[in-house]
Amino acid sequence: MEEPRVIISGGGTGGHIFPAISIANAIKAKHPEAKILFVGANGRMEMTRVPEAGYEIKGLPVRGLIRPLWSPKNIGVMLDFMKSRSMVKKIIRDFKPQVAVGVGGYASAPTLNAAAAMGVPCLIQEQNSYAGVTNKSLAAKAEKICVAYEGMERFFPAEKIIMTGNPVRQALLANTMTRGEAREALGLKKDVPTILVIGGSLGARTINNAIAAGIHRFEEKQIQVIWQTGKYYAEECEKKAKDAGAVYVRPQAFISDMATAYRAADIVISRAGASSISELCLLGKASVLVPSPNVAEDHQTKNARALSDRNAALFIPDVMAEKTLVEEAIALVQDPAMITSLEMEVSKLALKDSAEIIADEVLKLIK
């Protein structure tokens, strides 16, 4: 095969970006000479994360529709979409990709629409158990659709669907530290029960409010909390921990070494984004899931139910979190038998080698 030339588009959140980078890395592992170009949305997270991973990215002025849909502001949104599509056509003419990959997010729609119109074969990767609007709209144009959940023929043509699972960051699986070593590496006490709190790459207000209100309970019980607050809430959460004189509860805006943080934790409190769910399954972590209600079609609740209905995670609705989350987490972290049971069940749901499988499907589309 001549050097593969691949465009990968999408982003907006870590849930779209990390799988996209994992797919790119898997293509590069198979074909080091491959040329890979990302296309993202200006001002979104991918514009910094992708270059940090060593890949070139082009930005588009594309953005999401504003509610209500009849808002006059959507005229500007549609004009930006048309401008983005025109820009993508030039990018495709210049880069000459042999295949285009969409992972969801604002930039995927104009990129894959333009690629399909210009005769470039397309593959889409749907991370969630409830398909996103962008991917549903692109399904007719895609040759293959890679999914992570059963029953996705509700949204896509069955003959195009390939069950691959969601790619996760390779570094998470490569970490071989023991729990004690990971805690020492993070400056934590080696033999103290430990909870990792992650609210998604941007943070989660409900989870942060619950943890902040429960600081005194974690301190009383001497339970360590590695608390990723997200950048928007960092200052407020750090102040609450300081005011409470917290020793065991450690807030931080962003955890750069998630592999070690996962290793250090007995249990995880998390939103139920697709990437987080895949990580919990592959790493076999016991978790308390608090789905975000502020996502399309309430898909995080569906993601969480896919685990809790199989006794592979605990589930707390967002509206109940501030009342019950802290006590549920304390009860779980003090119950080794329950932790072991959850770990066993969640591990059964893991789909391994997703990035490699998707990379193979991408390369097969190159004529």
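Arginine 49 lies over the face of phenylalanine 254, at 4.6 Å from the ring centre. A charge counts as sitting over a ring if NZ of Lys or CZ of Arg is within 6 Å of the ring centre and within 35 degrees of the ring normal. A further example involves arginine 169, whose charged end is placed over the ring of phenylalanine 18, 4.1 Å from its centre. The model discussed here is predicted, so that local features need pLDDT of at least 70 and side-chain atom pairs count only at pLDDT 80 or more, while totals for chains, interfaces and linings use all residues. Residues are numbered from 1 along each chain as its sequence is written, and side-chain values use heavy atoms, with hydrogens and water left out.

The structure holds three aromatic pairs, where rings of Phe, Tyr and Trp (its six-membered ring) pair if their centres lie within 6.5 Å, with planes under 30 degrees apart counted as stacked, over 60 as edge-to-face and the rest as tilted. Phenylalanine 38 and tyrosine 55 form a tilted pair, at 5.5 Å centre to centre and 45° between the planes. This pair links distant parts of the chain, 17 residues apart: phenylalanine 38 belongs to strand β2 (residues 35–41), and tyrosine 55 to the loop between α2 (46–52) and β3 (56–60). Helices (H or I, at least four residues) and strands (E, at least two) are DSSP runs, numbered from the N terminus. Phenylalanine 38 and tyrosine 55 are both buried, that is, under 20% relative accessible area, against over 50% for exposed and in between for partly exposed (1.4 Å probe, protein chains only). Elsewhere, ring pairs join Tyr130, Phe155 and Phe156 into a cluster.

Five of the five residues of β9 (residues 224–228) are buried, so the strand is largely enclosed by the rest of the structure. Gln224, Ile226 and Gln228 cover one side, and Val225 and Trp227 the other. β9 pairs in the parallel sense with strand β8 (residues 194–198) over five bridges, where two strands pair if DSSP finds at least two bridges between them. Isoleucine 198 has glutamine 228 as its bridge partner in β9. With strand β10 (residues 249–252), β9 pairs in the parallel sense over four bridges. From β9 the chain crosses through helix α10 (residues 234–243) to β10, in a right-handed β-α-β crossover; right-handed means that, with the strands pointing away from the viewer, the path from the first strand over the helix to the second runs clockwise.

Strand β5 (residues 122–125) is likewise covered on both faces, with Cys122 and Ile124 buried on one side and Leu123 and Gln125 on the other. Its parallel pairing with strand β4 (residues 99–102) runs over three bridges, and β4, α4 and β5 make a right-handed β-α-β unit. Helix α4 (residues 108–117) is mostly covered, with eight of its 10 residues buried.
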